[in-house]
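Notebook open, model loaded. I'll jot down what I look up as I go.

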Amino acid sequence: MSVTAAHEARRGGVLLLARRSPTAIIGATILIVILAVAALAPWLAPYDPIFQDVDIRLAPPGVAHWLGTDGFGRDILSRLIYGTRPTLLIISLVALIMAPLGTAIGIVAGYYGGLVERVLMRLTDMVMSFPRLILAFAFVAVLGPGLLNAALALALTSWPPYARQARVETQTMRRSDYLAGAEMLGIRGVRLLFGHVLPMALPSVVVRIALDLAGMVLIAAGLGFLGLGVRPPTAEWGTMVADGTAVIFDQWWVAASPGIAILIMSLSFNLLADGLRDLLDPRHG
Amino acid sequence: MTDATATPAGTAPSRRPTRRREVRLLGRLANWLVSLLIGLAGLLLVTFSFTHISSVDPVIRVVGDKASEATYQAARHQLGLDRPLPEQFVLYVGRILHADLGTSWSTGQPVASDLARAFPATFELATVAIVIGAVLGVGLGLIAGLWPGGWRDSVVRVISLLGYSVPIFWLGLLALLLFYARLHWFGGPGRQDVAYEFTTTRETGLLLLDTWLSGDASAFRDALSHIALPALVLGFYATAGISRLTRTAVLEELGKEYVVTARAKGASQARVVLTHIFPNVRATVITVIALSYAVLLEGAVFTETVFAWPGIGRYLTISMFAADVPAILGGTLLIGVCFIILNTLTDLIVGGLDPRLRP
């Protein structure tokens, strides 16, 4: 990962970025729309997402209910709009735990070297070889379903790639004039690591977060699909697909639209990551 | 045309003395064994700690919540739960090594025998799926890598982006709706029709093989039409990753001087791909296929739930609804062990295939 390219991109600003990577801009735009929908859900949703109108159960898409209603007579569009919230919450929690944890481990290992590095990297390799999905599944199944448990389970098995990447970057930086200069000024310890090493490692961390979050959206929805996500009746996309499973052959719209929503959110992260990688690392064009 | 000069990776180690090669091989084996053992020990530590953070008290599961204090303590002692944690862990590992995964709380059967019955179904599904994924993925990756920037490349890129982004359980539902319920192209949920369920003798547990061996052509066709849909869905998922990495690897090789040399000497496109590029991307491709296979074993949880496929994934989902902790952890351990073995084994095989990737 080239650090100078990252700086160029930063200096050039959003406009240059848009010209050089339309993919990133498409992804970012979709994400901003999703964030706006999540923030404005109460004003955008035409109905109360948990209100059950049992007279119109499983109504097909129409004028009153654009995307139809589910088995409890709830408006699917409103549930889709509110469903942005738990998904965004889970993946933000995951990102907030895994990226700092992994990067910190990697920087410490790369900077100190020796035994510290050996132990930390063995640990990283070990967790890296763990089956992430199935462990998250077991963790939530044993501890009980819930948003926080799901996020914790995913974060605790997803940090190793950050550690590896940060370690490599720290190692290459260790002998640089830049760090020698900082050390000569008397900057040491935590302040050196997080004030001077961390900022240089950040661009690649950002790309990786975008890429990982695409997968996290799918896993979070998968946990919901299996009944391990937020508790009903809270609207959540994976749970909504599960609700539609029983009636898939006759009322396909119940499962169809939440699936598309999951696809779009995951796709937006993938596009963003793809575009950013093109910008920051020309080797993987 | 001398290939040795054109492919730098292939022939170098043969000149070294054999003794040194053997020592290096042993070293790699030892290193692999160490990382395998560390991985497995870590996994056991994780599943062990899961039993202790569980909100369900295993003693109450055994004696019931109306038991007297004395009965409770006696059962607790019998389960070994009053011993210090490290000792409990050692006992736990000992039990696992004897293939004792405990008794399922819901079926009352030993978890190990439940798993042994379910595993062939998962293995069969994941294997058929990885074959589909590998063929499609390598093929598409080659096409995209050989004609970068064109329409072929764009099509492959869209396919792999969709594969990365689509929720697989939803894709499975759509496939069932379209190809089973509407078009009647494939068999529905389950591994075979009820009509064949009691006529097939199970020898290997792999239905495709069993029905083939029994010589019952219609039973074989039935099994094939049932596995096709879930395998295609899982295979599509694998195609995304495999095609993208194949493309990157091919593209990287294409720009190298030995390819240019080979082309200048008049080698055809097919010859360049088969005898020059392929040996050099082989290790990358095998790695990504092996890793995808591991991921497919995991992903089976979703596909099996959607397609009512009676494998480990479905067993896990059912156990989860019954809050059956020994069954959940047993299934997790089985998939986890396969996953870790595949993961660590990949490093070993790749090191053997491509000397450049040896640590």
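Which hand does the crossing of helix 4 of chain A and helix 5 of chain A have, left or right? I get left-handed; a crossing counts as left-handed if the near helix is turned anticlockwise from the far one by less than a right angle, and as right-handed if clockwise.

Ground rules before I go on. This is a predicted model, where local features need pLDDT of at least 70 and side-chain atom pairs count only at pLDDT 80 or more, while totals for chains, interfaces and linings use all residues. Residues are numbered from 1 along each chain as its sequence is written, and chains are lettered from A and ligands numbered from 1 in the order in which they are written.

**The helix pair.** I looked up the geometry: helix 4 (residues 76-112) and helix 5 (residues 114-128) of chain A pack at about 145°, with axes 7 Å apart. Axes here are lines fitted to C-alpha atoms, for helices over the stretch in contact, and angles run from 0 to 180 degrees between N-to-C directions. From helix 4 of chain A I noted A:Ile105, A:Val108, A:Ala109 and A:Tyr112, which meet residues of helix 5 of chain A including A:Leu120, A:Met121 and A:Thr124. Contact means C-beta atoms, placed from the backbone, within 7 Å. By type, the residues of this contact are seven nonpolar, two polar and one charged. For the classes, Ala, Val, Leu, Ile, Met, Phe, Trp, Tyr, Cys and Pro count as nonpolar, Asp, Glu, Lys and Arg as charged, and the others, Gly among them, as polar.

**Chain A overall.** The C-alpha trace of chain A spans about 75 × 45 × 30 Å along its principal axes. Of its 285 residues, 46% are buried; buried means 20 or more other C-beta atoms within 10 Å of the residue's own, exposed 12 or fewer, partly exposed in between, with C-beta atoms placed from the backbone. Among chain A contacts between residues at least 6 apart in sequence, 71% join residues at least 24 apart.

**Where A meets B.** I find 35 residues of chain A in contact with 39 of chain B. Helix 6 of chain A gives the largest share of chain A's side, nine residues. That side divides into 25 nonpolar, eight polar and two charged residues.

**Core.** The largest nonpolar core has 156 residues, and A:Phe137, A:Ala150, A:Val217, B:Leu125 and B:Leu296 touch the most other members. Such a core is a set of buried Ala, Val, Leu, Ile, Met, Phe, Trp, Tyr and Cys residues joined through C-beta atoms within 7 Å. I followed A:Ala150: beyond its neighbours within four places in sequence, its contacts include A:Ile90, A:Val140 and A:Leu223.

**Chain B spots.** B:Pro84 sits in the loop between helix 4 (69-78) and helix 5 of chain B. B:Pro84 has 7 other C-beta atoms within 10 Å, so I log it as exposed. Next, helix 5 of chain B: zero of its 13 residues are buried, so it lies largely in the open. B:Ala99 follows helix 5 of chain B and has a positive phi, near 60°. Last, B:Gly351 is in helix 15 (residues 325-353) of chain B. I log B:Gly351 as partly exposed because it has 19 C-beta neighbours inside 10 Å. Its C-alpha atom is 9.5 Å from that of B:Leu25, 326 residues apart along the chain.

Notes:
Helices (H or I, at least four residues) and strands (E, at least two) are DSSP runs, numbered from the N terminus. Two residues are in contact if their C-beta atoms, placed from the backbone, lie within 7 Å.
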